[in-house]
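Visitor: I'm new to this structure, and I'd like to go through it with you piece by piece.
Guide: Gladly; have a look at it here, and then ask whatever you like.

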Amino acid sequence: MRKRLTAALCLCLVATGLSAQPWFKDADLTLTGAYYYPEHWDESQWERDFKQMHELGFEFTHFAEFAWAQLEPEEGKYDFDWLDRAVALAAKYDLKVVMCTSTATPPVWLSRKYPEILIRQEDGTVLDHGARQHASFASPLYRELSYAMIAELAKHYGEDARVIGWQLDNEPAVQFDYNPAAEEGFRDFLRDKYNNDIKQLNDAWGTAFWSEAYTSFDEITLPKRAQMFMNHHQILDYRRFAAKQTNDFLDGQCMVIRKYAKNQWVTTNYIPNYDEGHIGGSHTLDFPSYTRYMVYGDNEGIGRRGYRVGNPLRIAFANDFFRPVQGTYGVMELQPGQVNWGDINPQPLPGAVRLWLWSVFAGGSDFICTYRYRQPLYGTEQYHYGIVGTDGVTVTPGGHEYARFMEEIKALRGNVGAREDKPAEYLARRTAILFNHENAWSIERQKQNNTWDTMGHVDKYYRTLKSFGAPVDIIDESKELAGYPVVIAPAYQLADAELVTRWKAYAEQGGNLVLTCRTAQKDRYGRLPEAPFGAMIADLTGDALDFYDLLLPDDPGKVTMDGKTYTWNTWGEILKPGEGVETWATYTDEFYEGQPAVTTRRLGKGTVTYVGVDSTDGALERDVLRKLYEKLAIPVMDLPYGVTMEYRNGMGIVLNYMDTPYTFRLPEGAKVLVGEATIPTAGVLVFAVK
Ligand code: GAL
C-alpha cells in the first residue's frame, strides 16, 4: 500500500551514519511518560498516583532526578530502600522507570565539607547550597564524589528490567565557571592542544597584538568575557574547554553506569541551546534527548493569541537538530500547562499541549516525557502545572490532552508502516543544514553589525525548507554530506582547507551546495588567512569577494532578483563572479549598484550557490532556494508559516500553529487517521499514505 523506498533509505542511513537502535520498538510508535518525585510525597499516596498515571495511559515514569540527599544522606551511606519501593509500585502499574543521576543537586554535607566544588562566577560570586546546579563540572573532586554515588546506584539498578534507561544530571549546561579547578583545567587543555609550546599558543591567539603575549602556560587565566575587547581567540578556546568539561562529566557518568547496566540506555536532557556547543559532544551516550517549553510569556507565535501556542518551528528545529546526532532521540520534558519561570506564565491555548506532543512525534522521536505528574506544593516550582493539580488527583486540561494523545497513539499501533516508510517525493527534498556552534561563538565577538543574528540567519533558511515540506537534518561536520541532494552551510565562518575540499568533492559528485555570507572567512582559531578576504572558497564559488558592507537598520539597502526587490542591512558582500558563474541577484543602490549579491555555478555534476547577503526578513533566502529547487527539479510544497508537515511510519502528520484554520490538500488515496483535512488552530491531521 505504501511506496517503500528501502534502497534509497539504506543509502540515506549509510550516508547520514544512522543505524536502527535496539531500545525502542517501531510498532510502539512512541512511549509516553511523566516525571514523578517519590521523595516529594507521602508514601501512602504513591500507589494511588501510579495507578492513576497508568490509567491515564502513561507507560513510564522518571525517578531520582534531584534526590542525592535522599540517596546518600551521609557520605558513603546509601539508602535505596525508598526508591526500591517506588520502582516496585510503579511496576505494579506497568510503568517502566527512567532513573536519574541527581548530580544537579549535591546534598548539603557535600557542599559544606568540600566547598571547593562550588561554582565561582565571573564576578567572583560563589554559588551556594539551597538551589540547584551550583557544583562545578570541572572540579575533579566533584566528579569523583558523583561517580561514587552513581556507581552505587548503577550496581543496584543496572540489571533491573523495570528500569529502561538513565538520564544523566538535569539539563547539563556549559558552565562559565571561574573555579580555580577550572582555571587549572583550562591550562592543561591548552598545554595539550598546543603541544606544551607557548609559541604555538601565542601564534594561535595572535598575542603580538596589544602586548598580549604569554611566556608560560601558568600565566594564563580564564578569559574575562565581560571585559571589553578580551582576546577573542582565547575566548574561542575557552568556550571549547568549557563545553568539554560538561561533555567529559557526562561521558564519565555514562561510563560508570555502563559498567553495571545491562540493556539500559543512557541519555541526558539537554536544553536545545544550539550555540552552547555541547550537544552531541558526549559520544558515549546512546542518544540525546531534549527539554522544550513552548508557552512562557514571549509572543513568538502567530496572531494575538500566538503566545499561548508558541513558535511553530521551536519543536521542529529541535527534532531536526537532535535526531541526526545519533539517529534517534526523545523528549524528556514537555510542559503539561503553565510554567513558573517565564516573565509572564499564561495558560496554553486549549489543544496546544496535544499539538506539541504530535509535533515531537512528527520529527521521528521514540519517547516523550512530561515535566511533571503532580504540581508541587512547596519549593521553587509551586506554580508549575502538572498532569494533575494541587490535590494530587484532579486531571488538568493539559493532563487530559496527554491522555487523548496517548489514546490516539495506541489506536494507531499495529496498524502503521515502518519508521522510515516515507513517500519518495518527500525524501527527494531532503536537505541538510551544516551547523557548527563555533561559528556563532566567533561571529558573536566580532559581529560588525549588532543587528546581525547568527541563529536568526540560520532560521531564514530553515523556515523556508519547512515551508517546502522538506525533511531537514541539521548536521555537524562528522556526518557524510553525500546522501543529501542539497546541503546549506549558513554563515559558516570558521573553516579550513580540508572542509573546503570536502565541500568541493560533494558538489563535484552531484551535490548542490549553498554557502552564505561570512562563510570560510576565518581559520579555526578565528584568524584571517593572509590572502584576499574570503579567498578560502573563491575556487568553489567562482567568486572573488570585492568587499562587504554593513548598513544602518533604518536605512536598509536593496537587492533585486527576477524583478523582485528585497531589503537588507546586516551583512552584504559585493561579489566579483568569474567565468561560468551566473548572477542571480544584484544590489540596486549605493555605490555598488548593479554588482552581484547572489551567484550560482555548476561544479562537476553538482552546483554551488553563494548567497552573499542576509536579507531583512528571509524573503530573498526563500526565493533563492525556491529558484534552486526548481532548477534541480526537486518538488517542493508551499506551506504557510505556521503549518508543518512530516512523514513517519507511513503516516503524514500536519500541524497547525496558525491563528486560522488550514485546509490541507490530502494526497490522492490518503486515509485520514486523526483529525480532518481542515485543521483548526492548534489542531493536528494524521493520514496514512497510499
Ligand atoms: C526545566 C528543568 C526542570 C524544571 C522545569 C520547569 O528547565 O529541567 O527540572 O525545573 O524546567 O519548567
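Visitor: Let me start with Y548: what does it count as, by relative accessibility?
Guide: Y548 counts as partly exposed, because its relative accessibility is 35%; buried means under 20% relative accessible area, exposed means over 50%, and partly exposed is what lies in between (1.4 Å probe, protein chains only). Before we go on, please keep in mind that this is a predicted model, in which local features need pLDDT of at least 70 and side-chain atom pairs count only at pLDDT 80 or more, while totals for chains, interfaces and linings use all residues. Residues are numbered from 1 along each chain as its sequence is written, and side-chain values use heavy atoms, with hydrogens and water left out.

Visitor: OK, and W571, what does that one count as?
Guide: W571 counts as buried, since its relative accessibility is 3%.

Visitor: Switching to rings, how many aromatic pairs does the structure hold?
Guide: The structure holds 58 aromatic pairs, where rings of Phe, Tyr and Trp (its six-membered ring) pair if their centres lie within 6.5 Å, and planes under 30 degrees apart count as stacked, over 60 as edge-to-face and the rest as tilted. One of the pairs is that of Y37 and F66, with ring centres 6.1 Å apart and planes at 10 degrees, so this pair is stacked.

Visitor: Which parts of the chain does that pair link?
Guide: Distant ones: Y37 sits in the loop between β1 (31-35) and α2, and F66 in the loop between β2 (60-63) and α3 (68-71), 29 residues apart. For these labels, helices (H or I, at least four residues) and strands (E, at least two) are DSSP runs, numbered from the N terminus. Both Y37 and F66 are buried. The rings of Y548 and W571 also pair, with centres 4.8 Å apart and planes at 10 degrees, so they are stacked as well. Y548 lies in strand β13 (residues 543-549) and W571 in strand β15 (residues 564-577), so the pair ties together parts 23 residues apart in sequence.

Visitor: Which residues form the aromatic cluster?
Guide: One such cluster is formed by Y270, Y274, Y290, F317, F321, F322, Y329, F435 and Y462.

Visitor: Now helices: at what angle do α2 and α4 pack?
Guide: Helix α2 (residues 43-56) packs with helix α4 (residues 81-92) at an angle of about 25 degrees, and their axes are 9 Å apart; axes are lines fitted to C-alpha atoms, for helices over the stretch in contact, and angles run from 0 to 180 degrees between N-to-C directions. That makes α2 roughly parallel to α4, as angles under 35 degrees count as roughly parallel, over 145 as roughly antiparallel, 65 to 115 as roughly perpendicular and the rest as oblique.

Visitor: And which residues make the contact?
Guide: From α2 they are E43, W46, E47 and F50, and from α4 they are W82, R85, A86, L89, A90 and K92, with contact meaning heavy atoms within 4.5 Å.

Visitor: How about α6 and α9, how far apart are their axes?
Guide: The axes of helix α6 (residues 140-157) and helix α9 (residues 232-260) are 8 Å apart, and the two helices pack at an angle of about 30 degrees. That makes α6 roughly parallel to α9.

Visitor: How many residues of helix α11 are buried?
Guide: Helix α11 (residues 352-362) is mostly covered, with 11 of its 11 residues buried, and among them are R354, W356, W358 and S359. G364 follows α11 and has a positive phi, near 100 degrees.

Visitor: Is N196 buried or exposed?
Guide: N196 counts as exposed, at 55% relative accessibility. W210 is not a glycine either and has a positive phi of about 55 degrees; it lies in the loop between α8 and α9.

Visitor: Last one: where is I119 found?
Guide: I119 is found in the loop between α5 (108-113) and α6, and it is buried, with a relative accessible area of 7%.
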